[in-house]
Amino acid sequence: MMLQPDVVRFIAMGESQTHNGDEEEGFRGAAEQQVEGNPFTFSPQLLRLHRDHELFEDGDVFRHMYLQDLFISEAEEQPAPSVSEFGCHISGCRAVFSTLHEYEHHYNSLHRHVCCSCHRSLPSARLLDIHIQEWHDSLFTILAQKQDMYLCLVEGCGQKFRTSQQRKDHLIRLHKYPPDFRFDKSRKEKGTREASREQRTDTAVEAADDVCRSEGVCEVMCGVESNQLEQEESMETHASSEEAAQSEDFSASAQTPETNTERLKPRYSYRVPKTVCFGHGSVRGFRGQRGRRK
Amino acid sequence: MWRLNKVRHKAGGHANSLEELRTKRREKERALRQARRDRQLVSKRLLLNEDEEQDTMEVAPGEQDVVTLFQILHHGGTEKEAFLRPLSKALRDPSAQLTFIKLENSMHLLVGLLTGSDARCRLQAVRCLHELSHSPHTSVASACLPATPYLLTYLSGQSTKFTELCLYTLGNICPDSERVKERLLAQGIIPALAGCIQNHRHNLAVVEAAGFALFQLLQSKDAAQKVIPTVLASSLPSQLLSVLTPDPDFGLAPAIECAWCLHSLTSSSENHRELLAQGALRQCCSLLVSLGGAVADGNTDQGLELLVCPLLRCVGNLLSSCPAEALHSQLGGVDLVAPLCELVVALLHTLPALAKETAWVLNNLTAHSTESCSALLTLNLVPRLLELLPFSQGINTMVLRVLANVAHKKKEFCVRLAELGLLSALTATLKMADQNVVTLSLEVLFMIIVSCPQMAEQFVSQGGLSVLEAIQYNSDGEVRRRATYLLEQHILTEK
């Protein structure tokens, strides 16, 4: 309930008026508050409410029902208190839930195990790892030219294959997976999709338009703005390899002038700071050191 | 006098009328809500004769009768009273009211009868004026202006029924027009009301009527400048306070009116010095505590909440101007913390709007009082507050403020709060859709973690990390910044 300034006057009592001696113990003089960049601002406030304040609406209506002899004291008609809804935080995801359980399920299904690079959502940490390795790790690409690198997706199997197609065949033959298993898209497909996505969307759009695209259910935007993100030193090598990896994809598809210029611009994906990736799993998506945002 | 019993008679009727009643009530409620949003919320009261029941759908005599009756009365004769009675009945009809005031010399006639030597005619004349005052047409109020100096004069008289009618008449007309209100102020309505309550202090029906009239006067938009200073300077504040305690025989009605007057005084004006000096805070608090106990016990069939509501508001606003050092003496030893908590919980399912107001008072109580915060902890009230956190429409935000007030005082309090389950409650509130709830939850979480870094681990073990990470993608920048700062500076550094 935000209190409008025009009908409410906040009176934050000045420090001189507070009396107790244990100021050092509380937050008033705490060193923490003086740290620059600390966005926390709470301090106890006396709230004086003017008679026209909206908080008083129900009680006033009550009062006047009484004056007009329409008041009934029995609770039969009183409305039940309403319960807060839970809402998915991810900017752009407007999902709202009435129970915590639903919220958890939504979040865990659609927003965990998200790849920091391309923002795809994978159902488990393991699949995320595999995805990152196969799609975003240039070292993998190099090694895969010479050795069997494509790991079978079934946990415990451990077999590796030279190409993703071979792995797919293995999955279908041995493990009876369906040929269109959703979490085994190859990178070639990704390239096409990404290129077409770039043609559609604006560079101003910071995130992939499909954090949960793998489920095809909702479109979620990550609202992190570019000016909030910094270049990480430790990410530079990674960044350039990212760029290299992505420019490879574009060579496979038609390029519009926009995508050409995009290539020259820093890509958004690696600008997402490491520390803001989802879930513990995604930490493993970055081989570099954990940097600290300044 | 108003008795809630009357309403119950109606409710006891057969099913049809009960349903009609409900529908009518709901419509009325909607209309009142809209009127309040338009800042046009005004009500009038009609005092019925003892022999009448409310809502009797008497066949209205009709406009023609009004004209006829007036003409008879106008042409002299000694049987005036016999014609005044039907005239007052006729004047209950709104269109008859309009017709009457347009008749030449109609008001002059009434004023003459009002001030004449026949006491019974005076009574009937004032009854006519009372019916007129209840008109939904605001032009009627202005038409009654010639009568006002007399109505005011009669307030210092001794006839109780007559005085009651004068008071309700005045109360009805004063919100209708600026002109009427200014005239009444100039004619000394405030000292007249003060004197009236003084003289009739033992007649609670009159006191109730005077309270109503004062309340109406206080509703005007510029009350803070034009009305309240004079009221505060008069003896009215102390009189209002002395009527606050309900009489067990007479009922709540006079206390209700006086409490609403006090609320109007405290909420329209920032000048609370006079009221605080008179001990208003202490008195409202102790009354609130005893009424609150009754409400918590489930005793709600007497309309107690009609009195609890304005008392809560008075306490809330008076607390906001009471300096922290003076709080203890102003409260006079009344322990408010536990009764308020009980009251929030008791009201939550019956009257959630009042529960929210109670939580607001708790905020003002705990904002700068370490004692009150400490009491919340030692009296084991925190778990009850935590149970309120699922409830929306302002309840959980206000409860979070209270908890934040406690956390803000001492690091030790933060630890105690965490031990009582606040951390796990926060992992739920952080997921709520309401941004205010999320922001306040982050603030509280920050205070806890800064006070006791081990709490960061506990928070993480309860699954808090993922929700903070998710919050970093929230659409609100302030929320994002807080989550990120907390993660980077205090949670992830612990590893």
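A salt bridge here is a side-chain nitrogen of Lys or Arg within 4 Å of a carboxyl oxygen of Asp or Glu. By that criterion, A:Glu57, A:Asp58, B:Glu29, B:Arg33 and B:Arg37 are linked in a network. The model is predicted: local features need pLDDT of at least 70, side-chain atom pairs count only at pLDDT 80 or more, and totals for chains, interfaces and linings use all residues. Residues are numbered from 1 along each chain as its sequence is written, chains are lettered from A and ligands numbered from 1 in the order in which they are written, and side-chain values use heavy atoms, with hydrogens and water left out.

**Salt bridges**

- The whole structure holds 31 salt bridges over all chains.
- A:Glu57 and B:Arg37 form one of them, at 2.8 Å from N to O.
- A:Glu57 lies in helix H2 (residues 57-67) of chain A and B:Arg37 in helix H2 (residues 15-37) of chain B, so this pair joins two chains. Helices (H or I, at least four residues) and strands (E, at least two) are DSSP runs, numbered from the N terminus.
- A:Glu57 counts as buried at 10% relative accessibility, whereas B:Arg37 is exposed at 51%. Buried means under 20% relative accessible area, exposed over 50%, and partly exposed in between (1.4 Å probe, protein chains only).
- B:Arg36 bridges to A:Asp60, with the closest N and O atoms 2.8 Å apart.
- B:Arg36 is in helix H2 of chain B and A:Asp60 in helix H2 of chain A, so that pair also joins two chains. Both B:Arg36 and A:Asp60 are buried.
- Within chain B, the side chains of B:Arg33 and B:Glu29 meet at 3.0 Å, N to O. The two residues sit 4 apart in helix H2 of chain B, about one helical turn.
- B:Glu29 is partly exposed, with a relative accessible area of 29%.

**Aromatic pairs**

- There are 13 aromatic pairs over all chains. Rings of Phe, Tyr and Trp (its six-membered ring) pair if their centres lie within 6.5 Å; planes under 30 degrees apart count as stacked, over 60 as edge-to-face and the rest as tilted.
- B:Phe70 and B:Phe100 have ring centres 6.0 Å apart and planes at 85°, so they are edge-to-face.
- That pair links helix H3 (residues 63-74) to helix H5 (residues 94-102) of chain B, across 30 residues. B:Phe70 and B:Phe100 are both buried.
- B:Tyr168 and B:Phe212 have centres 5.4 Å apart and planes at 40°, so they are tilted.
- This second pair links helix H10 (residues 160-173) to helix H13 (residues 204-218) of chain B, across 44 residues. B:Tyr168 and B:Phe212 are both buried.
- Ring pairs also tie A:Phe40, B:Phe446 and B:Tyr485 into a cluster.

**Charges over rings**

- A:Arg63 lies over the face of B:Phe215, 4.2 Å from the ring centre. The criterion is NZ of Lys or CZ of Arg within 6 Å of the ring centre and within 35 degrees of the ring normal.
- B:Arg45 lies over the face of A:Tyr66, 5.0 Å from the ring centre.

**Helix H6 of chain A**

- A:Arg167, A:His170 and A:Leu171 are buried in helix H6 (residues 164-173) of chain A.
- Seen down the axis of H6(A), the buried residues fall within an arc of 100°, so they line one face of the helix. The arc is that of the directions from the helix axis to the C-beta atoms.
- The buried residues of H6(A) pack against helix H4 (125-136), strand E5 (150-151) and strand E6 (160-161) of chain A. Contact means heavy atoms within 4.5 Å.
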